[in-house]
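Please look at the structure below. Some questions and answers about it follow.

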Amino acid sequence: MSTPHRRFLLLLTACFGVTLLPVFALNLMLLNDTLGNNRKALLASQWQQRTRGITYAPTLSDTHLFKTLRLNDRLAEIDTVVFGSSTAMGITRQAFPDTLRIYNYAQSGQALSTAIAEAEYLQQHAPQVKWLVIPLDWSLGFIYTPDPVPAADISAATALQQAQAPSRRIPLLDRMRDALSYPRVASLFAIFKSALRAEDKPAALRGHFSQDGGDDYLCADGTAAKDFDTIHRDTCTGFRFDGSATFANSSRVGNARSLILSATVSSSKYHQSLALTKGAPDALLLQRLAALGEHAARNSGGVILFLPPLLPGMETEFLRHPQLAAYLQNTKRTLDEWARRHHLAILDAGQSERFGCRADEFIDEHHAVASCYEKIFRPFWRNVLRPDGSINLSADNLM
Amino acid sequence: MLFNSYGFIFLYLPAVLLGFFWLARVSHAFAAGWLALASLFFYGYWNPAYIGLLLGSISCNYAFGLWIAKAGVRHDERCKKQLLAVAITANLALLAYYKYANFFVGSVNSIAGTQWSLGEIILPLGISFFTFTQIAFLVDTWQGKVKEYNFIHYLLFVTYFPHLIAGPVLHHREMMPQFALASTYRFNYENLSVGLTIFFIGLFKKVVLADGLAVYVGPVFAAPAAGVQLSFIDAWGGALCYTLQLYFDFSGYSDMAIGLSRMFGVVLPLNFHSPYKSVNIIEFWRRWHMTLSRFLRDYLYIPLGGNRKGKARRYLNLMATMLLGGLWHGAGWTFVIWGGLHGLYLAVNNGWQSLRRALGQDPAKPLSLTMHALSVLVTFLAVVAAWVVFRADDPATATAMLKAMAGMNGFILPDAWLARWGAFGSWLSAQGVAFGATNNLIMGGTINWIWISLLIVWLAPNTQQIMASFRPALDVPAGAPVARLRWQPSIRAALAVWLLGFVAIINLNRQSAFLYFQF
């Protein structure tokens, strides 16, 4: 009577054993090597400093430590820093005149309040950084959010210390839970798939599980690259030497119309950021930005503010919206008046089609890639760059 | 501790199973004691503070049970009755304090404009279940139906972890004899394979289906309070998603409880039997939360007079039973209204059946396929409407939802669908179908969830039909057996169970509590 049941149980146990145990063990190995592991950020930063290649330290959604290490390595040689969230990550050195030496310090999810705090820190501790490039992002609501501006210390030592803080360590039980989770299982599957495609399969597997990073390789434009994460291998995903993101792991927008329609419906984040705030920028944030501008001007520099580009046609759709148009116009009017009052310049790139950007230069509604940003900044520099290479920021001809 | 957690599945359950069968070789009492202790750990893992309350409740009820039984031996009816009254009052007072005191104070405050406060009272998990279980024990002791008074078995009967938090509401006469059986303490491959299979079916229902649907429910039910006017599609989508979420959540929990218990050689009563396949509300309540319905019938409806005191009194008893049943689910007016709605449904259903009998028809006669499908649909829609009230945070939200479902906010389809449907969308628009700005709370993916879930609910065999060859539960209603999907311990079954288990386990990271834990 029990023999078939015994066989059933043996088979069931074997099935779970051969699937769950390796998944669990391998993912735990990968997790120990990535999550909360500052060593990878250090290694990736050192490798980029040495090679000027493309890399990032896992994870792509937590870029603070890597970017801060990179900024500090570059600080002595730069005079321009780009702040902001992933929206601004597409801005490259090519979007600026050769006279400016930039580092793109934009980080995933960075709010405007944090960007202001970090810019203030640099004004105090790195006066050689004269030009601060800050996005005023209405689409994600950052200019409306009444966040208190936090105190920031973006020295390498503090960033490392913060990354090692007990509160940032992930408990073992959580790691175990994560190791068996669906996203991790899917990622492991992708690793095996890529290893199977590789010419030297055992070496590819070793590269994922036992080495700090993959082998050095060359991207299509000849730039060196190295992957310190186990996902997105050999795709040149990560950050360039100037801090900009390649977005190589993301496909470009195909059906822009559908995305634009979805962006305007009331449940979308874009709709909500306008509807909930009625398009009124936070006064405290503007006040701190004005102070940043004054300080930068005294230091013979300036604050370059810009409204990030949206998918071609998207902002126009919002400006036609019966309810939201008034809110968006309110935002622009308020910013314009404020900028004129404080002699600040704002580059409004919201309608990216005006600059010749195409839908395939976006990875989604609000993430433009480098070529679009180059098109946007080109006329800007034509307006503000004097023949002697100096910059004349003026609010008169930009909004 | 949740059944759908890694700690429970990979640490607690194997440890308790091993300990139970190892100790059973030494002494059955040790094994039963171990299981009771493990159950207390299971209960206390959430909030150890309430272990004392649970043990106090068990000790007092056991003592009252013994005193009532002793008074019975002495034929002292008056003493028996007084002891029963005291014990039931104490149980109800405990339940009233923890579950209903703040509701009562809040209701008084809103009527009288007063500001009384009892502070925050944290509801002990499963208090409704262990209180009802023990009230049944006391009443049966008073009626002389209880034969066994082994304290370890009683402790285990109340605390037994597969049922402790969210039922089924156990009856001592079906549990105590099983705890006394020697075969319960012998490891049995069949029990383990059947139990694991039922457990993984339940885990899949909960983790993949119920939790998959859950994400669509919250925003819809939260919208009216945020001042958002729901569209027809949004409201129906939210209501159907909740109806199906609750189904898979409770069905999954019930399967897991039955499966877990079976691993220990104990067969639990059936609690859930494809309720959305019911052709009327009377049948619905014979299939939904069956052990609660049984309790309410045996210990409330029948003592109130049942159907023995005339038609009017019968309807009154039905309404009272359902109102209290609603209140049992939670201290809130929406639960009371939900209970009242079902009381009304039952009264209408009983009245309709009486009318048919008066006209010479037999309500028990099988229906034609069309009439059967129509009856299932009508019953289902009535249940959906009632679930809206049950889920809503307040009567105003329920009213807003029901108004939108009735089309009182118009019949506009989301404009996002117009873009997604391409030429078909344009054609529909040309035919006069209105597309416009809705709240887009219900997307295309939600509709897929709904129709696939409905197919499972209405057409797939349920767990006890699949496991029919191995007596999965007590009190399984007789019905047509399924031939094709009937489970046997085969290679194919092992692979199927592994697949269900594997998919469920890798999705456990989005762990959520069972809906019935709050009752």
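**Burial and disulfides**

Q: Is Lys375(A) buried or exposed?
A: The relative accessibility of Lys375(A) is 19%. Buried means under 20% relative accessible area, exposed over 50% and partly exposed in between (1.4 Å probe, protein chains only). Lys375(A) therefore counts as buried.

Q: On what kind of model do these values rest?
A: Residues are numbered from 1 along each chain as its sequence is written, chains are lettered from A, and side-chain values use heavy atoms, without hydrogens and water. Local features need pLDDT of at least 70 and side-chain atom pairs pLDDT 80 or more, while totals for chains, interfaces and linings use all residues, as this is a predicted model.

Q: Which residue has its backbone oxygen 3.0 Å from a polar atom of the Lys375(A) side chain?
A: Lys375(A) touches several residues beyond four places away in sequence, including Phe355(A) and Cys357(A); contact means heavy atoms within 4.5 Å. The backbone oxygen at 3.0 Å belongs to Gly356(A).

Q: Which cysteine forms a disulfide with Cys357(A)?
A: A disulfide is a pair of cysteine sulfur atoms within 2.5 Å. The sulfur atoms of this pair are 2.0 Å apart. The partner of Cys357(A) is Cys372(A).

Conventions. A polar contact is a pair of N or O atoms within 3.5 Å; within protein, one must be able to donate a hydrogen and the other to accept it, and residues adjacent in sequence count only if both atoms are side-chain atoms.
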